[in-house]
Amino acid sequence: MSNLIEIKNLTISFEIEGGKIIAVDNSSFEIKRGQVVGLVGESGCGKSVTAMSILRLLPMPPGKYESGEIIFDEKNIRTLSIPELNKVRGARIGMIFQEPMTALSPLMKIGNQISETLQTHHKMTKAETWACGVEWLKKVGISDAEQKMNSFPFELSGGMRQRVMIAMAQMLEPDLIIADEPTTALDVTIQAQVFELMKEVRGNESSMLLITHDMGVIWENCDRVIVMYASQIIEMGSLHEIFTDAKHPYTQGLLKAVPKLDEQMGRMETIEGNVPAPSNYPKGCHFSTRCPHATDKCHNKKPPMTIINDSHKVKCFLATEEGV
Ligand SMILES: Nc1ncnc2c1ncn2[C@@H]1O[C@H](COP(=O)(O)OP(=O)(O)OP(=O)(O)O)[C@@H](O)[C@H]1O
Ligand code: SF4
Ligand SMILES: [Mg+2]
């Protein structure tokens, strides 16, 4: 399988009061055609900043690309002109956000928003875009589609708004969809329906970067997994490698925190402590303040990314020849 997108040595900083923080630290990964890659990690680890930086959606300043290339279609998205970038956004790479109201315009009817999106990228008449919109709303399970085309976003439920977002992202048939916590704002039964729907309409050729803090969601939906902790990718591998042979103590901790059916009544294990603030990342391994295996070396030296095999990599001294 060929690479659809390749992120190389991406580092993103933010200028904040009192100095500069690194939100994404030297991240490299790729997504192959047709693959669903999960990006997982606790709050504040840099998942959304990674996602936004792919489409140059971060406010700059205070954000800044310290380094990195985002190679898509043999071109670096970072250096595209604005007209070239606008051709990629939506039509080639679509985004689905956690809260659809951030992407939908509150004062515009759903139908007009859909028509406008279609007209920006395709030569279609208003009548054609309207008919296409109705068809897509039906596809995402909105039964009274004609009526909903004439509704404002606030007149729809949260689940319905998310369905509209999915329709708007998918109708342009992008090669890649970036879905940033697409169901966190929804209740559990609706969440399952939305994931099912995303699978159905995605088609086999298109790829997805699915961002979540939930290992259960990763298990249900992904082919590969990237684990982020405190601005760094600390492990990546196939779904099987991560779920059966996780090497990093943080990944192991995340997996233990997944509630299992037979344990639902019992206490769920959690990783002790909190993710440090970016202004306060440890000098050595970023996980050293919470890791049960940490030694002096971990506190003082940065572990390298160790290659286990072609697909499995981990940033921890335990995986190196010399050990901790
Ligand atoms: N515009 C900004 N200005 C300053 N700091 C920012 C900005 N956006 C993000 N950050 C910081 O970058 C870090 C990474 O944030 P990010 O939103 O990527 O986390 P996340 O992994 O998506 O977390 P969550 O699961 O809560 O969505 C955080 O420390 C955050 O405070
Ligand atoms: S390098 Fe050390 S502190 Fe970091 S995860 Fe590995 S064992 Fe734990
Ligand atoms: Mg986020």
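User: How many Å separate the centres of domain 1 and domain 2?

Analyst: In this predicted model, the centres of domain 1 and domain 2, taken over C-alpha atoms, are 30 Å apart. Domain 1 covers 3-83 + 178-200 + 208-319, and domain 2 covers 93-173.

User: How many residues does the contact take from domain 1, and how many from domain 2?

Analyst: Domain 1 gives 14 residues to the contact and domain 2 gives twelve residues. On the side of domain 1 that touches domain 2, β7 and α7 each supply at least two residues. The largest share of that side comes from α7, with four residues.

User: And how do the residues on that side of domain 1 divide by class?

Analyst: The side of domain 1 that touches domain 2 consists of ten nonpolar, two polar and two charged residues.

User: What about the largest nonpolar core: how many residues has it?

Analyst: The largest nonpolar core has 79 residues. Those with the most contacts inside it are Leu176, Ile178, Leu209 and Val227. Helix α6 (residues 158-170) provides the largest share of this core, seven residues.

User: Where does this core lie, and why?

Analyst: Domain 1 and domain 2 both give residues to the core, so it lies between them. As general background, nonpolar side chains tend to be buried together in soluble globular proteins.

User: Which residues is Leu209 in contact with?

Analyst: If neighbours within four places in sequence are left aside, Leu209 is in contact with Ile31, Val37, Leu39, Ala51, Leu176 and Ile178. Two of these partners, Leu176 and Ile178, are also among the core residues with the most contacts inside it.

User: Changing topic to the ligands. Which residues come nearest to ligand 2?

Analyst: There are 14 residues around ligand 2, and Cys285, Cys291, Ala294, Cys298 and Cys316 come nearest. By class, this shell has eleven nonpolar residues, three polar residues and no charged residues.

User: Where does Cys291 lie, and is Cys291 buried or exposed?

Analyst: Cys291 lies in the loop between α10 (249-256) and α11 (296-300). Cys291 is buried, because 22 other C-beta atoms lie within 10 Å, and a residue counts as buried at 20 or more.

User: What does Cys291 touch?

Analyst: Not counting residues up to four places away in sequence, Cys291 touches Pro249 and Cys298. Cys298 is also one of the residues that come nearest to ligand 2.

User: Now the backbone. Which residues does a cis peptide bond join?

Analyst: One cis peptide bond joins Met60 and Pro61, with omega about -10°. Another joins Pro61 and Pro62, with omega about 10°. Pro61 is found in the loop between α1 and β4 (63-72), and Pro62 is in the loop between α1 and β4 as well.

User: What is phi of Arg56, and where does Arg56 lie?

Analyst: Phi of Arg56 is near 55°, which is a positive value in a residue other than glycine. Arg56 lies in the loop between α1 and β4. Arg56 counts as partly exposed, because it has 17 C-beta neighbours inside 10 Å.

User: And what is phi of Glu181?

Analyst: Phi of Glu181 is near 45°, also a positive value in a residue other than glycine. Glu181 is placed in the loop between β7 (176-180) and α7 (188-202). With 19 other C-beta atoms within 10 Å, Glu181 is partly exposed.

User: Last topic, the whole chain. How many helices and strands are there?

Analyst: The chain has eleven helices and twelve strands. Its radius of gyration is 21 Å, close to the 20 Å that the globule rule gives for 324 residues, so the chain is as compact as a globular protein of that length.

User: What percentage of the residues count as buried?

Analyst: Of the 324 residues, 38% count as buried. Among contacts between residues at least 6 apart in sequence, 63% join residues at least 24 apart.

Definitions and conventions. Residues are numbered from 1 along each chain as its sequence is written. Chains are lettered from A and ligands numbered from 1 in the order in which they are written. This is a predicted model: local features need pLDDT of at least 70, side-chain atom pairs count only at pLDDT 80 or more; totals for chains, interfaces and linings use all residues. A residue is near a molecule or strand if its C-beta atom, placed from the backbone, lies within 6 Å of it. Ala, Val, Leu, Ile, Met, Phe, Trp, Tyr, Cys and Pro count as nonpolar, Asp, Glu, Lys and Arg as charged, and the others, Gly among them, as polar. A nonpolar core is a set of buried Ala, Val, Leu, Ile, Met, Phe, Trp, Tyr and Cys residues joined through C-beta atoms within 7 Å. A residue is buried if 20 or more other C-beta atoms lie within 10 Å of its own, exposed if 12 or fewer, and partly exposed in between; C-beta atoms are placed from the backbone. Domain bounds come from an automatic or database domain assignment. Two residues are in contact if their C-beta atoms, placed from the backbone, lie within 7 Å. The radius of gyration is taken over C-alpha atoms; the globule rule is 2.2 Å times the number of residues to the power 0.38.
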